[in-house]
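Here is a short report on one protein chain. Look over the sequence and the model, then read on.

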Amino acid sequence: MWAVLRFRLLPAIKLYLLGFKVLLDQLLNKPLKLPVMPRQDGKVAIVTGGGRGIGYEVVRHLARLGAHVIIGGRDEQRGLAAIKRIYEEDKEARAGVMLVPEGRTEDGFEQHFGVNYLGHFLLTWLLLDALKDSGKSGHVSCVVNVSSSAHSIGEIRLNDLNSCQHYSPHAAYCSSKLAQVLFSSHLHQEMQREGFPVVSCAVDPGMVDTALYKHLCTPLHLAQSLIARILFRTPAEGAATVLSATFSQALDEDSGGGYWTNGRREMTTLPTFDPQLPLSLWKISLQLLGLQ
């Protein structure tokens, strides 16, 4: 009984309470308005999940500004081989998943961990040399991970990254978002330490009315559908937070890195103070992907 409470009910309660707090904040604060942005002729942008939702709005704005946009899609069951094949062909990738039932990708990774984190880690790693070279031409290359305030209640268990011991879709989702934040931070620090013009950040778009919530249980999904139009942000408003962070970094390398929300870099309280955790997660991720 205690195990069920700790590993299944408690993560769900914490996530829904956090969601309630986020909705209150959104009700009291106006969404970010998309600022005037410079033309992006000659620039290349790779947008995962660009077929709908926030990704689609990001693609639409970048294309209007003249950027060459490569769009990636999503399939929860496909493995990391798809990322490598996509990279070799046209460098697409997948977007994210939330609260999916327990399952594994073709590679055997828990779906939240594999899709939300490892897939993007792998794509970034494969593109890293190109990002470094692009920055050398006088422009800063940007890596932007769309995370969530849910990272603040996530937990990284290095000995059980695939949630084999205990599975909770709520805990798995939060942990995958925490992994994104740690990855973004460590990548940025490494690039700055080595002197490469590459910046990396994590962005919280808030609660946005997209298909991400389709795996909620039926009562909650019905409630979410009813209140989404009133309290949730639109995909365009969510995209504004992503684009604002991207262009702030591209125009000013010194403003890069960190955790962004509502168009500004903010402090985030991580659920761990272990300074070695980002590096440990980075090394294990490389091992899992066969990159070391």
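This is a predicted model: local features need pLDDT of at least 70, side-chain atom pairs count only at pLDDT 80 or more; totals for chains, interfaces and linings use all residues.

## The chain as a whole

The protein chain has 292 residues, and 49% of them count as buried. Eight helices and six strands make up its elements. Read from the N terminus, their order is α-β-α-β-α-α-β-α-β-α-α-β-β-α.

## The second largest pocket

Start with the pocket. Helix 5 gives the most, with six residues. Sorted by class, the lining holds 11 nonpolar, six polar and six charged residues.

## A nonpolar patch on the surface

Now turn to the outside. Phe20, Leu24, Leu27 and Leu28 form a nonpolar patch on the surface. Together they have about 460 Å² of accessible area. Phe20 sits in helix 1, which covers residues 2–28. Is Phe20 buried or exposed? Phe20 has 53% relative accessibility, so it counts as exposed. The cut-off for that word is over 50%.

## Salt bridges

Side chains of opposite charge can pair when their charged atoms come close. This structure holds seven salt bridges. The table lists three of them.

| Side chains | Distance, N to O |
|---|---|
| Arg193 and Glu190 | 2.7 Å |
| Arg193 and Glu194 | 3.7 Å |
| Glu266 and Arg264 | 3.0 Å |

Take Glu266 and Arg264 to begin with. Glu266 has 29% relative accessibility and so counts as partly exposed. Arg264 is also partly exposed, at 45%. Elsewhere, salt bridges that share partners join Glu190, Arg193 and Glu194 into one network.

What separates Arg193 and Glu190 along helix 5? They are separated by about one helical turn, because they are three residues apart in that helix. Their surroundings can be compared through relative accessibility. Arg193 reaches 59%, so it counts as exposed. Glu190 has 19%, so it counts as buried. Buried means under 20%. Glu194, at 38%, counts as partly exposed.

## Two residues with positive phi

Finally, look at the backbone. Ser163 is not a glycine, yet its phi is positive, near 50 degrees. Where does Ser163 lie? Ser163 is in the loop between strand 3 (141–146) and helix 5. Its relative accessible area is 10%, so Ser163 is buried.

Asn262 is not a glycine either, and its phi is positive at about 55 degrees. Asn262 belongs to the loop between strand 5 (259–261) and strand 6 (264–266).

Helix 5 turns up in several places. Helix 5 gives six residues to the lining of the second largest pocket. Helix 5 also holds Arg193 and Glu190, whose side chains meet in a salt bridge.

Notes:
Residues are numbered from 1 along each chain as its sequence is written. Side-chain values use heavy atoms; hydrogens and water are left out. Patches are made of residues with over 30% relative accessible area and no salt bridge: like charges are joined within 9 Å, nonpolar side chains (Val, Leu, Ile, Met, Phe, Trp, Tyr) within 5 Å. Accessible areas come from the Shrake-Rupley method with a 1.4 Å probe; for residues, only the protein chains shown count as cover. A salt bridge is a side-chain nitrogen of Lys or Arg within 4 Å of a carboxyl oxygen of Asp or Glu. Helices (H or I, at least four residues) and strands (E, at least two) are DSSP runs, numbered from the N terminus. Buried means under 20% relative accessible area, exposed over 50%, partly exposed in between (1.4 Å probe, protein chains only). Ala, Val, Leu, Ile, Met, Phe, Trp, Tyr, Cys and Pro count as nonpolar, Asp, Glu, Lys and Arg as charged, and the others, Gly among them, as polar.
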